[in-house]
Amino acid sequence: MNFENILVELKENLAVITINRPAKLNALNKNTIAELHDAFKALDLNTSVKAIIITGSGEKAFVAGADISEFANYSIEEGTELARKGQELLFDFVQNLSTPVIAAVNGFALGGGLELAMAAHFRIASTNAKMGLPEVSLGLIPGYGGTQRLPQLVGKGKAMEMIMTAGMISAEEAKEWGLVNYVVEQEELLPLCEKLASKIIRNSSTAIAAAIKAINANYTNCINGFAVEIEQFGVSFNTNDFEEGTTAFLEKRKPNFE
Ligand code: COA
């Protein structure tokens, strides 16, 4: 896969996507969002890819937000379309991907950068990372799902504080607040993400996809998450992975999933 603004590396069952605009602190312009959509879509369709890590190039930024230079003169209609299209192509797309996505937050994750990290299934940060939703300092509000996903992760009060103050929190604070799962030195960030990915890869991808669906259902309006869990649990019984997983357990051997 050849892209202008992102790099995609395949390591057996693991894919690493690196947003590669370091001179602009990996800010998300339209082209980068379109390329990320294409990359996530292709990797999700590739059945040999069982986990995806998303990170930023350089040592300073994961993503410093949506590209401000692109929307500075937008009208109401253009602004609405920017948020709608971005959510559809990238942020909701990543959240609902069947393949697990880990965000390796290697520096600034601001605005759309934090929103992208929050759309991933979970997040690991390096000690230098700083996170925030500074949109109100630009006369805007978060438009890529930040007003919805941040309260889900840190609670309403903390989300209100972060969004209203437009401030940044440290990696340690983010961990304390439940926004990231672990904080490690920058050189240990990708190795830790790869270690977690290797644990994920050992399990049934079919079952993981069903679990993602059921967990996400809890955060989708008008959908009963318990009902989705019952449905997905039932569907699991008709999969080859279920047959292999239970047979391997009874035969006291490791499963060999599809
Ligand atoms: N959109 C477009 N360009 C951006 C950007 C963004 N969100 N964030 C950084 N850049 C660009 C800068 O314009 C600069 O480009 P230039 O060298 O051509 O002038 C380059 O990236 C380096 O950024 P700079 O501001 O010089 O780095 P810094 O170390 O002084 O500050 C930040 C780092 C992250 C604090 C600062 O870049 C910043 O506040 N960025 C915007 C964050 C934001 O508001 N995001 C939400 C957008 S909705």
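The text below treats the strands and then the helices.

The model is a predicted one, and the description begins with strand β1 (residues 6-11), which pairs with β2 in the antiparallel sense over six bridges. The bridge partner of Lys 11 in β2 is Leu 14, and in the hairpin of β1 and β2, where two residues lie between the strands, Glu 12 takes a positive phi near 50 degrees. Strand β2 (residues 14-19) is in turn paired with β3, here in the parallel sense and again over six bridges; Thr 18 stands opposite Thr 55 in β3, while Ile 19 has Gly 56 as its bridge partner.

In a regular strand the side chains alternate between the two faces of the sheet.

| Strand | One side | Other side | Burial |
|---|---|---|---|
| β3 | Ala 51, Ile 53, Thr 55 | Ile 52, Ile 54, Gly 56 | all buried |

Because six of the six residues of β3 (residues 51-56) are buried, this strand is largely enclosed by the rest of the structure; β2 is likewise mostly covered, with six of its six residues buried.

Helix α4 (residues 112-119) packs with helix α5 (residues 146-154) at an angle of about 55 degrees, their axes being 10 Å apart, and the two helices are therefore oblique to each other. Their crossing is left-handed. To the contact α4 contributes Glu 115, Met 118 and Ala 119, and α5 contributes Gly 146, Arg 149, Leu 150 and Leu 153; by class, the residues are four nonpolar, one polar and two charged.

How values were computed. Residues are numbered from 1 along each chain as its sequence is written. This is a predicted model: local features need pLDDT of at least 70, side-chain atom pairs count only at pLDDT 80 or more; totals for chains, interfaces and linings use all residues. Side-chain values use heavy atoms; hydrogens and water are left out. Axes are lines fitted to C-alpha atoms, for helices over the stretch in contact, and angles run from 0 to 180 degrees between N-to-C directions. Helices (H or I, at least four residues) and strands (E, at least two) are DSSP runs, numbered from the N terminus. Angles under 35 degrees count as roughly parallel, over 145 as roughly antiparallel, 65 to 115 as roughly perpendicular and the rest as oblique. A crossing is left-handed if the near helix is turned anticlockwise from the far one by less than a right angle, and right-handed if clockwise. Contact means heavy atoms within 4.5 Å. Ala, Val, Leu, Ile, Met, Phe, Trp, Tyr, Cys and Pro count as nonpolar, Asp, Glu, Lys and Arg as charged, and the others, Gly among them, as polar. Buried means under 20% relative accessible area, exposed over 50%, partly exposed in between (1.4 Å probe, protein chains only). Two strands pair if DSSP finds at least two bridges between them.
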